[in-house]
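Could we walk through this fold together, one question at a time? I'd like each reply to finish on the thing I asked for.

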Amino acid sequence: RIRVTGFAGNDPVFRGDPMPLSTSATDDRKTVLYAPTHHWAFTSAAMVGERVASLIGGTREDLTIVIKPHPRTCEFRPGWMAAWERLAARDEHVHLIKDPAVDIAPLLIATDVLVSDASGVIFQYLALDRPIVLIANPQHARDKEHFDAGAIEWRWRDVGEEVTNVADLAAAVDRALADPGKRAGKRAEYQKLLFDDLTDGGAVRRIVEEVSGL
């Protein structure tokens, strides 16, 4: 038998829990979260490298950029982590989340635009109805073992604006900030398919109740 409870990982997002981290914006700056996946054929990390802040921000000077690597990246990609750490040390408006155990939910709540690639974070972020920019790794279809064209990370690319050239990333972020309501209808459609009406932030409570009842 199956008990439908909702997605526990998104409870804080649906509730809108306050952002407890030091990267929370205290001024009028906009926050962009860069949250790439880890798999070599799907990730955008190698495409942006240490230039991630300039590629996202372009000529803008009003952005706070938070880099939240996939936990496996933290553990198995020391070169990428070192490059981002150097960037964060040079720029006070760039923050690297180095601890793989940090919960991404508070970061999502504090974010104005999400930049990702094929990460499951995309679908967590749907709960907030905010703009998404997706970077497409040109290698993705070459991985015959892991690439599945029918998976939602590939079928639902229209949830955000997709860029195939990282040189176009800053312009896409600009458009997302200028018109955050664009694609709201598509985001709502996908949110309904994923979460239905279980968007009250009570999934953990329902899990406890169901397990207790059984």
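Predicted model: local features only at pLDDT ≥ 70, side-chain atom pairs only at ≥ 80, totals over all residues.

Me: What is the strand order of the open sheet?
Reply: Strands here are DSSP runs of E with at least two residues, and helices are runs of H or I with at least four, both numbered from the N terminus. Two strands pair if DSSP finds at least two bridges between them. The open sheet has 6 strands with parallel pairing, in the order E3-E2-E1-E4-E5-E6.

Me: Which strands stand at the edges?
Reply: An edge strand here has a single partner, so one side of it is left without a neighbour in the sheet. That describes E3 (94-96) and E6 (161-163).

Me: At what angle does helix H9 run to E5?
Reply: Helix H9 (residues 169-178) lies across E1, E2, E4, E5 and E6. Axes are lines fitted to C-alpha atoms, for helices over the stretch in contact (heavy atoms within 4.5 Å). Angles run from 0 to 180 degrees between N-to-C directions. For H9 against E5 the angle is about 165°.

Me: Which helix supplies the largest share of the lining of the largest pocket?
Reply: A pocket is an open set of points on a 1 Å grid over the protein atoms alone, where a 1.4 Å probe fits, with protein on both sides within 12 Å along at least five of seven lines; lining residues have an atom within 4 Å of a point. Of the 14 lining residues, the closest to the centre are Ala53, Arg60, Leu63, Ile65 and Asp91. Both E2 and a helix spanning 52-57 supply at least two lining residues. The largest share, 3 residues, comes from H3.

Me: Is Asp129 buried, partly exposed or exposed?
Reply: Asp129 lies in the loop between H7 and E5, and has a positive phi of about 55° although it is not a glycine. Buried means under 20% relative accessible area and exposed over 50%, with partly exposed in between (1.4 Å probe, protein chains only). At 40%, Asp129 is partly exposed.

Me: Where does Arg183 lie?
Reply: Arg183 is not a glycine, yet has a positive phi of about 70°. Its relative accessible area is 31%. Arg183 lies in the loop between H9 and H10.

Conventions: Residues numbered from 1 in each chain as written. Heavy atoms only, no water.
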